[in-house]
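Let's take a walk through this model together. Keep the sequence and the 3D view open while you read.

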Amino acid sequence: MTDVLTKAEKFSGLFEQLRAATAGEPQWLTERRTRGFDSFAELGLPTQAMEEWRFTSLKPLQETEFTLAAPGAPVAQEVIDCYSYAGLEKHQLVFVDGIYHSELSSIAKLPKGVTLMPLRQAIVEKEDLVRQYLGRETNPDKHAFTALNDALMQDGVFLHVAAGAVAEEPIQLLFLTSERGAGTAANLRNLVILEESAEASFVETHAAAGTDAVYFTNAITEFFSAKNAKVDHYVIQRESTSAIHISSFHAYQERDSVVRSHTIDFGGGLVRHNLWGRLDGDACEAILNGLYMLRGNQHVDNFMWVEHMKEHIPSHELYKGILDDSSSAVFSGRIYVHREAQKTDAKQTNQNLLLTDTAKVNTKPQLEIYADDVKCTHGATIGQLDPQAQFYLESRGVPRNAARALLVKAFASDITERIRLESVRNTVENLLNERLGQDPES
Amino acid sequence: MLEIKGLKAQIEGNEILHGLNLTVNPGEVHAIMGPNGSGKSTLARVIAGSEDYEVTGGDILFEGESILELAPDERAQKGLFMAFQYPVEIPGVSNTYFLRQALNSIRKARGLEELTGKEFLAHAREKARLVELPDDLLKRSVNVGFSGGEKKRNEIFQMAVLEPKFSILDETDSGLDIDALRIVANGVNKLRGSDRSIVVVTHYQRLLQYIVPDVVHVLVDGRIAKTGGKELAEQLEEVGYSWVNGEMKTAQTANA
Ligand SMILES: Nc1ncnc2c1ncn2[C@@H]1O[C@H](COP(=O)(O)OP(=O)(O)OP(=O)(O)O)[C@@H](O)[C@H]1O
Ligand SMILES: [Mg+2]
């Protein structure tokens with residue numbers, strides 16, 4: 001059985017099924033799917049023999065047979081309310097089992113120059129733009145999950161903000177997996193195009209809505225930030241602890257643009273985030289924040305590759321992890337500074353707090369520098385709660401669990417404080433409290 | 001109020017307290033003096049419930065009940081307080097936020113209503129004035145970036161907020177200039193009362209001019225070697241600990 005698993009047959013049934021369902025698609029897209037599928041057949045799933053996958057086993061993915069979800073699975077309103085953020089209901093796109101659910105979604109009147117719709121619709125209505133940008137930053141010939149996504153992509157969000165336009169209200173995306181979604185593979189594809197001086201902000205939530213079973217999310221998001229464009233991006237990952245969640249986030253930045261991203265993981269059984277940044281314009285800026293709080297046997301792997309290609313570019317990556325029980329995390333980041341990228345100011349930090357002796361972290365921030373006038377630092381720490389600090393708090397009357405919670409929240413505060421949207425910040429803080437056995441903040 | 005009987009405590013296998021006896025009655029102020037390394041901080045930390053130490057003999061009774069089995073927070077909830085010789089810096093945890101949680105868990109344990117943020121702040125501001133602690137230190141992370149003197153004042157501020165029945169202050173006077181010493185001593189004196197007991201651990205007679213003790217003990221090598229009135233502190237200041245040591249040796253030899 002197992003030797004079938006790394007090969008493409010595993011997903012070929014899905015591919016045939018999807019091919020029938022997408023027969024009316026434009027020729028270029030069908031070709032992209034075929035190329036993706038062939039490439040995946042050749043590449044197979046990554047193995048731990050590959051340096052980039054050394055500490056992450058895809059066994060749970062190999063061991064499951066996946067199906068394609070049918071559209072229209074019901075999700076109760078309470079579930080939507082539980083995962084959505086107060087004040088961000090204006091533009092709310094809900095995807096259930098990987099497919100856009102129009103009844104549960106609402107898109108209010110958009111400012112001039114802003115186009116927001118599911119990708120499926122954009123393929124029809126905005127074909128030229130989709131064709132021009134989709135896949136520009138990805139490489140399906142080299143990366144198996146990209147190939148798989150090309151072959152099986154079903155839906156996602158499409159956002160285009162014309163030059164000078166501003167999507168003032170944050171856009172909320174809910175990717176939910178319903179009871180019917182158990183055992184399915186959802187290949188999400190998001191495309192975000194910001195023209196010169198455009199601005200937008202996004203909150204993306206991935207969550208289980210009524211299933212504890214294994215399911216597989218393979219998401220790709222491509223971001224194009226033209227000159228002086230600004231984008232804030234939040235991912236809050238709350239999948240079920242059996243879920244397999246693979247994501248790739250590609251950001252292409254032109255001069256003076258700013259990308260601020262936050263990747264926050266509470267859920268998932270096996271999680272891998274790939275973050276690719278190509279900083280291709282003078283003085284553009286990338287602020288990449290991450291927080292993971294894991295328990296049980298959860299495993300989260302953050303892989304990151306940030307290329308400085310022009311001058312005067314600051315990039316700052318701060319990823320912090322809190323690991324309980326037998327959970328494990330991997331961080332591998334590389335900042336690659338091209339010869340032209342003088343005056344680079346790059347900083348990459350990964351800090352981890354282990355709450356037990358059985359939690360594990362492998363961390364490796366790296367620099368590769370070909371310019372000579374740069375300021376680059378990187379660092380990683382793995383530590384435990386300070387017992388003296390804990391004793392201090394307890395000796396004043398704070399119970400042990402509450403004292404631990406205070407210290408853990410203090411550790412996470414570097415990241416939570418950077419969350420600019422208040423309702424998102426509150427939710428993250430409440431999730432931390434919940435994890436730490438504390439009541440939500442009054 | 002507090003009764004310590006034959007207390008033996010060790011750390012990493014080294015016995016530091018070798019059968020220590022000490023009784024502090026309600027309303028009394030005691031001073032403990034003694035050479036470096038004699039076990040004064042050990043005693044304070046064992047009373048507060050530090051798990052770094054193992055108690056291998058004797059007992060500590062608070063209001064007649066043994067507290068050895070209680071966790072540090074439970075001891076605090078019963079009304080015990082220790083001011084640290086070296087207050088710990090805790091980045092990211094704000095002074096008032098944590099102290100409100102501390103006070104509320106103490107109040108809860110005593111069956112009192114918890115204080116709202118507003119009520120707590122009013123209470124905290126009043127106590128901060130008592131030790132002349134600047135308002136901005138209330139909001140800052142616990143002890144982070146505080147000067148040595150500010151840290152010590154913060155300890156007494158916390159004591160004032162929590163209103164413990166029994167406090168042991170471990171060298172709260174060390175590192176204080178004369179003004180700060182007066183402020184801290186004032187704060188402590190305001191907390192004196194017929195139902196409160198305080199033990200001050202100090203190397204300096206100077207503090208005892210401000211906080212006049214009822215009883216002075218000399219702790220040498222893990223035992224109380226001498227107990228007397230406030231004049232004992234003055235004697236010590238003049239001649240040092242050597243004569244106490246000498247007496248101890250003689251006593252031990254006599255016992256043997
Ligand atoms: N982890 C440890 N292992 C062994 N001995 C220790 C350990 N920690 C402390 N000690 C010893 O315990 C003894 C008592 O220390 P303690 O801090 O109680 O002294 P002290 O009377 O408070 O001194 P000071 O006046 O300098 O504050 C010292 O000899 C010290 O070296
Ligand atoms: Mg000491």
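We start with the ligands, then move on to strands and a helix.

First, some housekeeping. This is a predicted model, in which local features need pLDDT of at least 70, side-chain atom pairs count only at pLDDT 80 or more, and totals for chains, interfaces and linings use all residues, while side-chain values use heavy atoms, leaving out hydrogens and water. Residues are numbered from 1 along each chain as its sequence is written, and chains are lettered from A and ligands numbered from 1 in the order in which they are written.

Begin at ligand 1. There are 15 residues around it, and G37(B), K40(B), S41(B), T42(B) and H203(B) come nearest (a residue is near if one of its heavy atoms lies within 4 Å). Sorted by class, this shell has 3 nonpolar, 9 polar and 3 charged residues; here Ala, Val, Leu, Ile, Met, Phe, Trp, Tyr, Cys and Pro count as nonpolar, Asp, Glu, Lys and Arg as charged, and the others, Gly among them, as polar. Both β2 (14-24) and α1 (40-48) of chain B supply at least two shell residues each, and α1(B) gives the largest share, 3 residues. Helices (H or I, at least four residues) and strands (E, at least two) are DSSP runs, numbered from the N terminus.

Now look at the side chains that reach ligand 1 through N or O atoms. An oxygen atom of the ligand is 2.8 Å from such an atom of K40(B), 2.9 Å from one of H203(B) and 3.0 Å from one of Q85(B). Ligand 1 taken alone exposes 650 Å², and the protein buries 66% of that (accessible areas come from the Shrake-Rupley method with a 1.4 Å probe; for residues, only the protein chains shown count as cover).

Q85(B) turns up again at the magnesium ion, ligand 2. Which atoms coordinate the magnesium ion? They are OG of S41(B) and OE1 of Q85(B), at 2.0 to 2.1 Å. Donors here are N, O and S atoms within 2.8 Å of the metal (3.2 Å for Na, K and Ca), and water is not among the atoms, so sites may look incomplete. The pair links distant parts of the chain: S41(B) sits in helix α1 of chain B and Q85(B) in the loop between β6 (80-83) and β7 (90-94), 44 residues apart. Q85(B) is buried, with a relative accessible area of 16% (buried means under 20%, exposed over 50%, partly exposed in between, with a 1.4 Å probe and protein chains only).

Staying in chain B, find the open sheet of 4 strands, ordered β2-β1-β4-β5 with antiparallel pairing. Strands pair if DSSP finds at least two bridges between them. At the edges stand β2 and β5 (65-66), each with a single partner strand, so one side of each has no neighbour in the sheet. Strand β4 (residues 53-62) meets β5(B) over 2 bridges, and L61(B) has S66(B) as its bridge partner.

Over in chain A, strand β17 (residues 328-337) is mostly covered, with 9 of its 10 residues buried. It runs parallel to β15 (residues 299-308), joined by 10 bridges, with E307(A) opposite Y336(A). Another 10 bridges join β17(A) to β19 (residues 360-369), again parallel, and there S332(A) stands opposite K364(A).

Finish at helix α9 (residues 387-395) of chain A, where 7 of the 9 residues are buried, so the helix is largely enclosed by the rest of the structure. Just after α9(A), G397(A) takes a positive phi of about 110 degrees.

Note on methods. Polar contact = N/O pair within 3.5 Å; in protein donor to acceptor, adjacent residues only side chain to side chain.
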